[in-house]
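Here are my notes on this one, in the order I went through the model. Have a look at the structure first, then read on.

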Amino acid sequence: VLAELIEKFVSHLSESKTDCYFSTGSYKAMDADVKKENLSSVQQLGVEMTVRYGKYLNLLKEDAEKGLCFVLKNCEEFLKQQQRTVVSSLCCLQEHYAGYDWFASSIFLIMSGDRERTLMFLQQFSCLLASAFLWLPRLHLSMHLPITTVEYGIHPVYFCSAHHIEMLLKAELPLVCSAFHMSGFTPSQICLQWITQCFWNYMDWSEICHYIAICIFLGPDYQIYICISLFRHLQQDILKHTEA
């Protein structure tokens, strides 16, 4: 039901010029084109974890690994069409996105391992503003960002979402804010970790689905409100740890 709902919603929005924030160009996924591409060791480890989790949730079949590799390779090729060339020694500014694509993997699970359906959804979703904040590889070396922003290697999730989380935290949960300040560790660091990993290993699968759905339906600013609500939920634990 969720898969159909987000598909129809995103398909409807992607047909509306006022809702399309990014241009997507044309891309056709072909098996032969991506067969020569190799996944990094980090991506291979991510694929193993995703398939194991998907089978545990009874969402994936035995041959799911090939399908997920197909999706990840095609996503990389598709997004490459919208990337700049930047010469830098920074790991995060190399041609390939340094981490694992947790968002694409989450969509693959939501679509029950259907690779064509997953790719179609991601291509349509990539033209919406929410994709910039939910799907981190979407803006890797992106031509949609000013060149100075790309060269700094700092993702908009950090200077937009995480910045607003810290501002709201100060107003809404001053004790939690002080606890972080005393620890010498910023709330934005943990939020960036949560968001990058699409809350995998932090929330249950149904909650991860709710997070993705809420941000798609109601807008990417709900990413900020969800992080604040998590800090509110964890407030007592955070304060207890601070005292200890």
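Is lysine 80 buried, partly exposed or exposed?

1. Lysine 80 is partly exposed, at a relative accessible area of 25%; the classes are buried under 20%, exposed over 50% and partly exposed in between (1.4 Å probe, protein chains only). Its side chain forms a salt bridge with glutamate 77, the closest N and O atoms being 3.3 Å apart. By salt bridge I mean a side-chain nitrogen of Lys or Arg within 4 Å of a carboxyl oxygen of Asp or Glu. Both partners sit in helix 4 (residues 64-80), 3 residues apart, so about one helical turn separates them. Helices here are DSSP runs (H or I, at least four residues), numbered from the N terminus.

2. Some ground rules before going further. This is a predicted model, where local features need pLDDT of at least 70 and side-chain atom pairs count only at pLDDT 80 or more, while totals for chains, interfaces and linings use all residues. Residues are numbered from 1 along each chain as its sequence is written, and side-chain values use heavy atoms, with hydrogens and water left out.

3. On to the overall layout. The chain is assigned a domain 1 (1-144) and a domain 2 (156-243), with bounds that come from an automatic or database domain assignment. Taken over C-alpha atoms, the domain centres are 24 Å apart. In terms of contact (heavy atoms within 4.5 Å), 26 residues of domain 1 meet 21 residues of domain 2.

4. How much area do the two domains bury between them? About 2000 Å², with 85% of it on carbon and sulfur atoms. That is accessible area (1.4 Å probe) lost on putting the two parts together, summed over both. On the domain 1 side, Trp102, Phe133 and Leu134 supply 32% of the area buried against domain 2, more than any other three residues.

5. What about polar links across this interface? There are 0 salt bridges between domain 1 and domain 2, and 2 residue pairs in polar contact (both at pLDDT 80 or more). A polar contact is a pair of N or O atoms within 3.5 Å; within protein, one must be able to donate a hydrogen and the other to accept it, and residues adjacent in sequence count only if both atoms are side-chain atoms.

6. Which helix gives the most to the side of domain 1 that touches domain 2? Helix 5 does, with 7 residues. By class, that side of domain 1 has 23 nonpolar, 3 polar and no charged residues. Here Ala, Val, Leu, Ile, Met, Phe, Trp, Tyr, Cys and Pro count as nonpolar, Asp, Glu, Lys and Arg as charged, and the others, Gly among them, as polar.

7. Back to the charged pairs: the whole structure has 6 salt bridges. One of them joins lysine 8 and glutamate 4 (3.9 Å, N to O), which both lie in helix 1, 4 residues apart. Lysine 8 is exposed at 59%, whereas glutamate 4 is partly exposed at 45%.

8. The salt bridge between arginine 232 and glutamate 172 (3.1 Å, N to O) is worth a look. Arginine 232 is in helix 13 (residues 222-233) and glutamate 172 in helix 9 (residues 156-172), so the pair ties together parts 60 residues apart in sequence. Arginine 232 is partly exposed at 45%, and glutamate 172 is partly exposed at 43%.

Technical notes:
Helices (H or I, at least four residues) and strands (E, at least two) are DSSP runs, numbered from the N terminus.
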